[in-house]
Amino acid sequence: MAREPQVSETKLSHTAALILQALDAGFVYGFSIMEMTGLPSGTVYPAMRRLERDELIRSHWEKQSIADAEQRPPRKYYKLTAAGKATLDASRRRYPLLERLIPSEEAKTV
Amino acid sequence: MRLFSSWKSGKWKSRAAHWRWEPAARLLHVGLLRCASLLVQGDRRAEWIREWRGELWHVRQACAPLGRAGWSGELEVTQFCLGAFQDALCMRRAGRQPRQTVATMEGSAWQCILILVAILAASDGIALLLTGVRAELSLWPREVTPNLVLIQGQGSNFDSQPSIYPQQFKSWKERKQKYFDGFAFYRATRENVELGSLRGDRQGETTWGVAHASTNIFALLGLPVRFAEPDRSTDGELPEIVLGEAVWKRQFGADPRVAGVVMRMGTQMVRVAGVVPDGSLGLPDKVDAWMLEPDAAMGTGSAGYVIAHLTPMGQAEMWASCVNITVNGPNESQDYLMGIALEEWRPAPGTLYGFALFLALLALPAITSVSLGEASVNPQKTSWGRRLNRWSFLSAKIVLLLAIVYFVSLDLAYGLTGLGRERAVYVQLISTFLMCLFGLQWVLKDQRQRCPVCMRCVTHPAHVGQASRTFLDWNGTEMMCMGGHTLLHVPSLPTSWFSTQRWLYLDTSWEFLFAGSTQQAP
């Protein structure tokens, strides 16, 4: 009897929903999410670990060549998974102000 | 937003001063991240620190760019770095998830097998450490020379009374015999033995039963002398004694380097030549040590026993383990003697174990049902794979249990070096029987309470029904599989319509109740 993923029914905290919304809006790494949401690093990064553990987001490293060209260390980017998008939709219904706090058109690269 | 706004507010005024301590601030921030990384598991630490250092670079660019930052900017960066500790703790907690997996093993088939394997390893390890067990398994022969008889006077019957004098023995040995092709003589005496010479105190003085025996006695019996020094010459040296097994264990702690030890026995000093098993043939008189002497040295002392080996013609004269012997004595008189067969009465540990196991299997139905209780309420067909798993698990449990019983019984019987060999045999027999009996009872009971789907033990027993309504309605105990696969119904009182336990297989509609503890069915 395998456990079926119950993605759409996952109840997220407001913080986690805010981070998912920020990711959906295009803020794809930790520092940009901190800036967008105003949450401290001690909140954002652990929350992203839990979201990644629950397979709502996934991460990947930037190519070293890109970072070398810009003379900076490479950074880790995050993006929503299909389960994360479904959960975000459910969270938007639960927190109607979520989209107003971080509208998708504000997506930008910091 | 907060960080950018703080940068735009232009609070940093002492840029020149900042140039001086900026390297120290960078060092502090990297140090904070390094310290935090110590909280992260080793295999994840490198990637974790890489991400945080990458982020730190960007935070510093935003908050404290080179030459333009101030105290406030550095404080922002420091606050960012302090957040790394919370993230590291979060990672650490996430790394403990496998422990929860161990917790979910509770009651699982693997947990049961692991516990049994651990007990087996412990009992085997103890058996290897105990010198008594090692000696029993490796030192002593299981078979001695066949067709041996103990010759004694007919008047003494089966009582252990020495009745053969050395002169008689010598005369038999000198003559050509038709029924015997080998003789050995021994007589037992009590001797004071002073172990103080090797222990350095007077506490070591004791009395031993010492057998003065022919030099060929062990060759005739087929018993090996262990720990003897093969290259040692005895010419012109101290007389040698061979220790019995019990004394070797009791007085010398089963020390394999016992050969060569010198002690005082009676009025003379003697040297230990080796160790032989005792009690194996049931020879009369308690013998703690053997002193081997040539026939000429036996003189005309007190009576003793003669051990003889039968020729094929002598074997033909044996009747009911006895043979009557008539010997022509001096002055044409005749002595009537009796030869009693010496047989190995002590079986090997493996033989004893098999016998006790057989007895336990016979007794098992008397204390528990041998049914595995696989009847089900609903017409659920168990797949062949699951049946195979179930039977494999049962077989593994039985094999491990029997191996544990074998080693534990050896530990109990032969671990205590002070326990005589005769007692050790009974200890092994009884302990093996009891452990096999109650162990197999546990195996069957445990198997009956394993979910047929996931092999976990059913839990949360709940009593259902009333005892007064036993014959009208269901009355018994209901237990559930925490994997959400089955319910087990055990009747309190077997009835004609509900005589044995039954499994109720749950369908998928029950899954939501067990969402937190659902286990993958094998």
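Two strands pair if DSSP finds at least two bridges between them, and helices (H or I, at least four residues) and strands (E, at least two) are DSSP runs, numbered from the N terminus. In this sense, strand β12 (residues 476-480) of chain B and strand β13 (residues 486-491) of chain B run antiparallel and are joined by five bridges. The model is predicted, so that local features need pLDDT of at least 70 and side-chain atom pairs count only at pLDDT 80 or more, while totals for chains, interfaces and linings use all residues. Residues are numbered from 1 along each chain as its sequence is written, and chains are lettered from A and ligands numbered from 1 in the order in which they are written.

**Chain make-up**

- Chain A contains six helices and two strands, which follow the pattern α-α-α-β-α-β-α-α along the sequence.
- Chain B contains 15 helices and 14 strands.
- A residue is buried if 20 or more other C-beta atoms lie within 10 Å of its own, exposed if 12 or fewer, and partly exposed in between, with C-beta atoms placed from the backbone; buried residues make up 35% of the 110 residues in chain A and 31% of the 522 residues of chain B.
- Two residues are in contact if their C-beta atoms, placed from the backbone, lie within 7 Å; among contacts between residues at least 6 apart in sequence, those joining residues at least 24 apart make up 64% in chain A and 72% in chain B.

**Sheet pairing in chain B**

- β11, β12, β13 and β14 of chain B form, in that order, an open sheet of four strands with antiparallel pairing.
- In this sheet, β11 (459-464) and β14 (502-505) of chain B stand at the edges with a single partner strand each, so one side of each is left without a neighbour in the sheet.
- From one strand to the next the twist averages 25°, where axes are lines fitted to C-alpha atoms, for helices over the stretch in contact, and angles run from 0 to 180 degrees between N-to-C directions.
- Strand β3 (residues 205-214) of chain B runs antiparallel to β2(B), to which nine bridges join it, and B:Val210 in β3(B) stands opposite B:Thr189.
- β3(B) also pairs with strand β7 (residues 289-293) of chain B, in the parallel sense and over five bridges, with B:Val210 opposite B:Ala289 in β7(B).
- Strand β4 (residues 240-244) of chain B has four of its five residues buried; β4(B) pairs over five bridges with strand β6 (residues 268-276) of chain B in the parallel sense, and over three bridges with β7(B) in the antiparallel sense.
- B:Leu243 takes part in both pairings, with B:Val275 as its bridge partner in β6(B) and B:Ala289 opposite in β7(B).

**Nonpolar cores**

- A nonpolar core is a set of buried Ala, Val, Leu, Ile, Met, Phe, Trp, Tyr and Cys residues joined through C-beta atoms within 7 Å; the largest has 48 residues, of which B:Ile241, B:Val242, B:Ala289, B:Trp290, B:Val306 and B:Ile307 touch the most other members.
- Strand β2 (residues 180-194) of chain B gives the most to this core, namely seven residues.
- A second, separate core has 43 residues, among them A:Ala22, A:Ala47, B:Leu33 and B:Ala88.

**Helices**

- Helix α1 (residues 14-24) of chain A packs against helix α3 (residues 41-53) of chain A at an angle of about 85°, the axes being 10 Å apart.
- Angles of 65 to 115 degrees count as roughly perpendicular, and α1(A) and α3(A) are therefore roughly perpendicular to each other.
- On the α1(A) side of this packing A:Thr15, A:Ala16, A:Ile19 and A:Leu20 meet A:Thr43, A:Val44, A:Ala47, A:Met48 and A:Leu51 of α3(A).
- Helix α11 (residues 245-252) of chain B has six of its eight residues buried, so it is largely enclosed by the rest of the structure; B:Trp248 and B:Lys249 are among the buried residues, and just after α11(B), B:Gly253 takes a positive phi of about 60°.
- B:Leu394 lies in helix α14 (residues 384-414) of chain B and counts as partly exposed because it has 17 C-beta neighbours inside 10 Å.
- B:Leu394 and B:Gln447 are 6.9 Å apart in space, C-alpha to C-alpha, and 53 residues apart in sequence.

Technical notes. Parallel < 35°, antiparallel > 145°, perpendicular 65-115°, else oblique.
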